[in-house]
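Q: I would like to learn how to read a model of a protein with a ligand. Please take it feature by feature.

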Amino acid sequence: MDETNETESDLTGVPLRRRRKQDVLEIGGRRLQPSTLMMGHGYSPALSEGALKPPIFLTSTFVFESAAAGKRHFEGVTGIRPGGAEGLVYSRFNGPNQEILEDRLAIWEDAEDALSFSSGMSAIATVLLANVRPGDTIVHSAPLYAATETLIAKILGRFGVHWLDFPAGATRQEIDAVLTRANAGRVPLIYLESPANPTNALVDVEAVRASSEAIFGEDRPLIVIDNTFLGPLWQKPLQHGADLVIYSLTKYAGGHSDLVAGGAVGSKAALGPVRAMRNTIGTITDPHSAWMLMRSLETLELRMSRAGENAAKVCASLRGHPKVEHVGYLGFLEEGSRQADIYQRHCSGAGSTFSLYLKGGEREAFAFLDALKIAKLAVSLGGTETLASHPAAMTHISVAAARKEELGISDNLVRISIGVEDADDLIADFDQALKAV
Ligand SMILES: Cc1ncc(COP(=O)(O)O)c(C=O)c1O
């Protein structure tokens, strides 16, 4: 939340709004952990009648103290004066709930700054629009979430933007080859998704960073990564060379399947143009969703840890079941494989979203899905409840058959996101559903 003071004035004599109390980030040299900071960071009860929790600020605009203060705010918002808006101006630009949420999002990845958006896709669209120009080439890992692929290839393609891709698990040499080809033109950013939706394939972010530095030098493209599947708990890509981390906060961060929102986390320099684009097109999250997300972040570590532990138990019970062909779970990567190597260097947990390949095809997968009693038959992931879906007939129904085959989106694939229920209850549910196959 913005830091200004009731009685203080700036150097030009313009009075500034009230200052919140300085946040306590360490005690006796001990740096406080995100799970502690989620309870109060960025919010002063004194500024809201002593309310323990921030109120939801349902207002479209904010009253200036004086005409000169209004001018100063707009100089900040429009970039006439560097440093951005110092206070709250208009709810398409910022608001108290969004600013507190953003301060807390940044904490998880020890980032300088964060921005919140109305959806994961609006976060992605705003980051892309802020950086690309006609004639540019976006280099991306493949596969990407289907709507992201559509946005890059079909929508930005209409404005003269090109793309080149490399497979998610690409080696340094393969990444070098694609970046060298792309270097013939302007490359504003390298866009990654790891693990990829829907294959769970991991990208070697460290290799992408090293390759881009070797090929582009100091003027290298921004490295942007969608960390929705493992973040912010199990993978922190800023530590591995990414510049901007994007989230569908709809998933694990929101965590209760009751809101749609997005986020971007990184340096102030990388987020500056994104903030300006968000100010222009209004892709900020609304105050109510921002408030819900703050509540969700208080339990993020608890929820994700429990879901991760549950997934490990459920996957262990499914592996080797006579009706199961394969369990595509990050905890089961083949030792010594490239994916296992990337996992060990980048991830601290295997997550709770995985692919279950049944013996058979669509008939067997549908019989399994229809027999589930606890797990709900729905798309999305990262909620408190366990969800199961059939990508080939649902989220990826429009993907061409050859591409589906290439990505392993077969008719016997069931996608599962494990929640925080009792693990043995889930095991019992999957067991009885497998009997119905
Ligand atoms: C990896 C990934 N990125 C982005 C999105 C888009 O997020 P949203 O639905 O919040 O716009 C999704 C949605 O499923 C996703 O799985």
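A: Begin with residue classes: Ala, Val, Leu, Ile, Met, Phe, Trp, Tyr, Cys and Pro count as nonpolar, Asp, Glu, Lys and Arg as charged, and the others, Gly among them, as polar. The shell around the ligand here holds 4 nonpolar, 6 polar and 3 charged residues. This is a predicted model, in which local features need pLDDT of at least 70, side-chain atom pairs count only at pLDDT 80 or more, and totals for chains, interfaces and linings use all residues. Residues are numbered from 1 along each chain as its sequence is written, and side-chain values use heavy atoms, with hydrogens and water left out.

Q: What is the mean pLDDT of the protein chain?

A: pLDDT is the predictor's confidence in each residue, from 0 to 100. For the protein chain the mean is 93, and 95% of the residues reach 70 or more. Residues 2-8 fall below 50.

Q: Which polar atoms lie 2.9 Å from an oxygen atom of the ligand?

A: A polar contact is a pair of N or O atoms within 3.5 Å; within protein, one must be able to donate a hydrogen and the other to accept it, and residues adjacent in sequence count only if both atoms are side-chain atoms. At 2.9 Å from a ligand oxygen there is a polar backbone atom of Gly120, and also one of Met121. Asn197 has a side-chain N or O atom 2.9 Å from an oxygen of the ligand.

Q: Is Glu364 buried or exposed?

A: Buried means under 20% relative accessible area, exposed over 50%, partly exposed in between (1.4 Å probe, protein chains only). Glu364 counts as buried because its relative accessibility is 18%.

Conventions
Contact means heavy atoms within 4.5 Å.
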